[in-house]
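I opened this entry to record what I looked up, item by item. The sequence and structure come first, and my notes follow.

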Amino acid sequence: MKGLLALVSSWAQFFTNFESETGVSEGEYQLLQNVFNILSIVLWVVLGIVGAVGAIYAIYAGIRLARADEQGKRDEAKKHLIYIAVAVGVTLVLILFFNTFLPMMLDAFGVRDTMWTTK
């Protein structure tokens, strides 16, 4: 296992380090770098969209909670606010996991050294 400061923090670094450590030519993993860079950008955009939509819907649910006259409507608005918070939180955790923590974990446990080495 490597030190925490030596870990990669993105898929591009993961594949760049993989090329340099295994001696494989740079073009071999260029397609994978490009695909993972595009996926990473798409995931960050999805996070922004989900955050914006979640914030707007949370404001709407908060207004519904404030204007509710009956206890049943207040309880329903509270449930919606909780669902919004959980959904945005889970989305944030999953995107951070796939974009940042998964390449770090794979690098820390030496996955590329043991499984993908062609020598």
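**Salt bridge**

I searched the whole structure and found one salt bridge (a side-chain nitrogen of Lys or Arg within 4 Å of a carboxyl oxygen of Asp or Glu). The partners are the side chains of E76 and R64, at 3.6 Å from N to O. E76 belongs to helix α3 and R64 to helix α2, so the pair ties together parts that are 12 residues apart in sequence. I took helices as DSSP runs of H or I with at least four residues, numbered from the N terminus. I noted that E76 is partly exposed, with a relative accessible area of 41%, and that R64 is also partly exposed, at 29%. On this scale, buried means under 20% relative accessible area, exposed over 50%, and partly exposed in between (1.4 Å probe, protein chains only).

**Source and confidence**

This is a predicted model, in which local features need pLDDT of at least 70 and side-chain atom pairs count only at pLDDT 80 or more, while totals for chains, interfaces and linings use all residues. Residues are numbered from 1 along each chain as its sequence is written, and side-chain values use heavy atoms, with hydrogens and water left out. I then looked up pLDDT, the predictor's confidence in each residue, from 0 to 100. The protein averages 78, and 69% of the residues score at least 70.

**Helix α2**

I checked the span of α2: its 38 residues reach 55 Å from first C-alpha to last, close to the 56 Å expected at 1.5 Å a residue. The expected span is 1.5 Å times one less than the number of residues. Q33, S40, L47, G54 and A61 are buried in α2. A66 also lies in α2, but A66 is exposed, with a relative accessible area of 66%.

**Helix α3**

Is N99 buried or exposed? N99, in helix α3, is buried, at 4% relative accessibility. I also recorded V90, which lies in helix α3 (residues 71-108) and is partly exposed, with a relative accessible area of 44%.

Notes
Helix = DSSP H or I, 4+ residues; strand = E, 2+ residues; numbered from the N terminus.
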